[in-house]
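Good morning, everyone, and thank you for making time for this.

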Amino acid sequence: MLSKRQRVTAENEVRMAETAARNSLEGQFLIAMPSMTDSRFEHSVIYVCSHSEQGAMGLIVNQVARHLSLEELLIQLDIVNDEDSIRLPSRIRDMNVHKGGPVEVERGFVLHSDDFMLNQSTLAIDNGICLTATLEILRAIAQGSGPDHAMLALGYAGWAPGQLESEIQANGWLTAPADPDILFDRDFESKWHRALGSLGIDPAMLLSEAGHA
């Protein structure tokens, strides 16, 4: 009889075969396995923004930059001043700034719903989710004219050609269809468990098996 870990691995291989058929993980979640040895990605959920023969790029969606608020960032970027920041709607002032990954940590990216698009700046990825990496979207958010759903991240995760595939085959990551409800939820602490749950996996059982491996 297969163990829970073996079943998870087999199911992940099936998903990888399906992915290979369409030749891209774009628009998918990467979910770190408990055996992930890189502390930067421990219990992380990553939204894959691009994936091709040239490599892959994604944003961690469940790690928050606790030292920086969106309000502070908007002031630093001269999008608002101290007086204007007080007038920001609470839903904007309460938005988290995420740590998107260890590469180019000063660069900002916004994953958002497709009700907001900027010509030649917005990349439509999959299932109504887009990526914009310009100050214009932050100005729109500050003015209340931005997308209905948005997640801001500083930095990104990147992989060289073939690197991500090797990490998945080594059971470093599980793959899953990206759920916008998980992606844009501000309860970042529950995202890893919920992403595993979307695959029918009980995180407690997975953690238990990892502890006895």
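Predicted model: local features only at pLDDT ≥ 70, side-chain atom pairs only at ≥ 80, totals over all residues.

Residues are numbered from 1 along each chain as its sequence is written, and side-chain values use heavy atoms, with hydrogens and water left out.

The protein has 9 helices and 10 strands, where helices (H or I, at least four residues) and strands (E, at least two) are DSSP runs numbered from the N terminus. Of its 213 residues, 47% count as buried; buried means under 20% relative accessible area, exposed means over 50%, and partly exposed is in between, with a 1.4 Å probe and protein chains only. If we take contacts, meaning heavy atoms within 4.5 Å, between residues at least 6 apart in sequence, 68% of them join residues at least 24 apart.

Let me turn to helix H5, residues 135-143, in which Ile 137, Leu 138, Ala 140, Ile 141 and Ala 142 are buried. What do the buried residues of H5 pack against? They pack against helix H2 (70-76), helix H4 (90-93), strand S6 (103-113), strand S8 (129-132) and strand S9 (150-159). Just after H5, Gly 144 takes a positive phi of about 80°.

Ile 137 counts as buried because its relative accessibility is 0%, and, leaving aside its neighbours within four places in sequence, Ile 137 is in contact with Val 110, His 112, Phe 116, Leu 118, Thr 132 and Pro 147. The C-alpha atoms of Ile 137 and Phe 116, which are 21 residues apart along the chain, are separated by 8.6 Å. Ala 140 is buried as well, with a relative accessible area of 7%, and, not counting residues up to four places away in sequence, Ala 140 touches Phe 116, Ser 145 and Gly 146. Ala 140 and Ile 79 are 61 residues apart in sequence and 9.8 Å apart in space, C-alpha to C-alpha.

Next, the cores. A nonpolar core here is a set of buried Ala, Val, Leu, Ile, Met, Phe, Trp, Tyr and Cys residues joined through side-chain atoms within 4.5 Å. The largest has 29 residues, and those with the most contacts inside it are Phe 29, Ile 31, Tyr 47, Leu 59, Leu 111 and Leu 183. Apart from that core lies another, of 21 residues, among them Leu 68, Ile 79, Ile 92 and Val 110.

Now the aromatic rings. Rings of Phe, Tyr and Trp (its six-membered ring) pair if their centres lie within 6.5 Å, and planes under 30 degrees apart count as stacked, over 60 as edge-to-face and the rest as tilted. By this rule the count comes to 4 aromatic pairs. The rings of Phe 41 and Trp 173 have their centres 5.9 Å apart and their planes at 70°, so this pair is edge-to-face. The pair links distant parts of the chain, 132 residues apart, with Phe 41 in the loop between strand S1 (28-32) and strand S2 (45-52) and Trp 173 in strand S10 (residues 173-177). Both Phe 41 and Trp 173 are buried. Phe 109 and Tyr 156 also form an edge-to-face pair, 5.7 Å centre to centre with 80° between the planes, and this pair links S6 to S9 across 47 residues. Phe 41, Trp 159 and Trp 173 form one aromatic cluster.

Finally, the pockets. On a 1 Å grid over the protein atoms alone, a pocket is an open set of points where a 1.4 Å probe fits, with protein on both sides within 12 Å along at least five of seven lines, and lining residues have an atom within 4 Å of a point. About 390 Å³ of space lies in the largest pocket, a volume being the space filled by probe spheres set on the points. Of the 26 residues that line the largest pocket, the closest to its centre are Val 105, Glu 106, Arg 107, Gly 108 and Leu 154. S6 gives the most to this lining, with 6 residues. The second largest pocket holds about 210 Å³ of space and is lined by 16 residues, of which Met 36, Asp 38, Phe 41, Trp 159 and Glu 167 lie nearest its centre.
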